[in-house]
Amino acid sequence: MRDVAAASGFTGGALLAARGLVFEADGRRLIDRVDIDIRAGCRLVIMGANGAGKSLLLRLLHGLVAPCAGTVQWKGRRLDRAARNHQAMVFQRSVMLRRSVVANLEFALAVRRLDRAERARRSARALANARLGDLARRPARVLSAGEQQRLAVARALACAPEMLLLDEPTANLDPDSTLAIENLVGEACRQGVTVVTVTHDPRQARRLGDEIAFMHRGDIAEIGAASSVLDRPRSPAARAWLEGRLAVDQAPCETPMGKEKTDAKE
Ligand SMILES: Nc1ncnc2c1ncn2[C@@H]1O[C@H](COP(=O)(O)OP(=O)(O)OP(=O)(O)O)[C@@H](O)[C@H]1O
Ligand SMILES: [Mg+2]
């Protein structure tokens, strides 16, 4: 892992730390006492089967969903709205405003209260970096899926986040569009942005991850160096999934709320 902690201006412990995170809904425990430390400059990939809780965990880490129990800390303090402005998230299904490409960028910057000149400067740079300059005046909603994803990543990066959370940023995209997005993310990493990516693609996980957390039924079954988790998974869940044996039996834990967790990692 590269030591770019200093680049983010934070040299303490974990940039983001979650302890005992629990999220329950409709009598089901969907996130089951998750602990995780994300260090500044780390490239963390989260993998796991459909319904394992990856998107929900990202939302909890971004402060969009309040946990039923547990804490999320940003630089050792409670993750509040101000801290959340230092993160940016790209959702699994990005929502574009009914405006032009450039207006979508500018709106995200206006929400962060940047002045007009700074908004224009950052939008122009984001359009150039994402190679969307020719499409700047097009309505964002008529862009192709790949172009919209590129815009979603560009919009997030224009906010100059310290941490970028990406939920399956290249699902359903062709190799060229995937590469374009990975290049944007790679450049952000080189600038010191801490990047958390959810993906189902082991090859992408290898390209974008220093560390991999494998989720199973709302818990982290295994976390470690990317090569170690991908090549020598220790948890039965990661092993089964990577070998293609874990198919549809992925309903989140249906134990009654409050019931003691059994050994979820085995
Ligand atoms: N806010 C919520 N309220 C109630 N249930 C939720 C909420 N968010 C997610 N869930 C449920 O939690 C479970 C995990 O959902 P999540 O979207 O995190 O899965 P995932 O691992 O991202 O799956 P996929 O790979 O399909 O995207 C699902 O059963 C989902 O319906
Ligand atoms: Mg998801």
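**Reading a predicted model: contacts, sheet, helices and ligand shell**

Among contacts in the protein between residues at least 6 apart in sequence, 69% join residues at least 24 apart; two residues are in contact if their C-beta atoms, placed from the backbone, lie within 7 Å.

Colleague: What kind of model is this, and how are its parts numbered?

Modeller: This is a predicted model, in which local features need pLDDT of at least 70 and side-chain atom pairs count only at pLDDT 80 or more, while totals for chains, interfaces and linings use all residues. Residues are numbered from 1 along each chain as its sequence is written, and chains are lettered from A and ligands numbered from 1 in the order in which they are written.

Colleague: How many helices and strands does the protein have?

Modeller: Helices (H or I, at least four residues) and strands (E, at least two) are DSSP runs, numbered from the N terminus. The protein has 9 helices and 10 strands.

Colleague: In what order do the strands of the open sheet stand?

Modeller: Strands of a sheet pair through backbone hydrogen bonds, either parallel or antiparallel. Two strands count as paired if DSSP finds at least two bridges between them. Here 4 strands form an open sheet in the order β2-β1-β4-β5, with antiparallel pairing. β2 and β5 (77-78) stand at the edges with a single partner strand each, so one side of each has no neighbour in the sheet.

Colleague: How many bridges join β1 to β2, and how many join β1 to β4?

Modeller: β1 (residues 16-25) is joined to β2 (residues 28-38) by 8 bridges, and E24 has R29 in β2 as its bridge partner. The hairpin of β1 and β2 has 2 residues between the strands, and D26 takes a positive phi near 50° there. Between β1 and β4 (residues 69-74) there are 5 bridges, with A17 opposite Q73 in β4. On to β5: β4 pairs with β5 over 2 bridges, and Q73 stands opposite R78 in β5.

Colleague: Which residues of α6 are buried, and which are exposed on the face turned away from them?

Modeller: A residue is buried if 20 or more other C-beta atoms lie within 10 Å of its own, exposed if 12 or fewer, and partly exposed in between, with C-beta atoms placed from the backbone. By that count 43% of the 266 residues of the protein are buried. In α6 (residues 175-190), the buried residues are T178, A180, I181, L184, V185 and A188. They cover an arc of only 165° around the axis, which puts them on the same side of α6; the arc is that of the directions from the helix axis to the C-beta atoms. The face turned away from the buried side carries the exposed residues P175, D176, E187 and R190. Among the elements covering the buried residues are α4 (116-129), α5 (145-158) and β7 (163-167).

Colleague: What span should α6 have?

Modeller: The expected span of a helix is 1.5 Å times one less than its number of residues. For the 16 residues of α6 that gives 22 Å, and the end C-alpha atoms are 22 Å apart, which agrees. Just after α6, G192 takes a positive phi of about 100°.

Colleague: Which residues are closest to ligand 1?

Modeller: A residue is near a molecule if its C-beta atom, placed from the backbone, lies within 6 Å of it. Ligand 1 is surrounded by 13 residues, the closest being A25, N50, K54, S55 and L56. Helix α1 (residues 54-61) gives the largest share of the shell, 3 residues.
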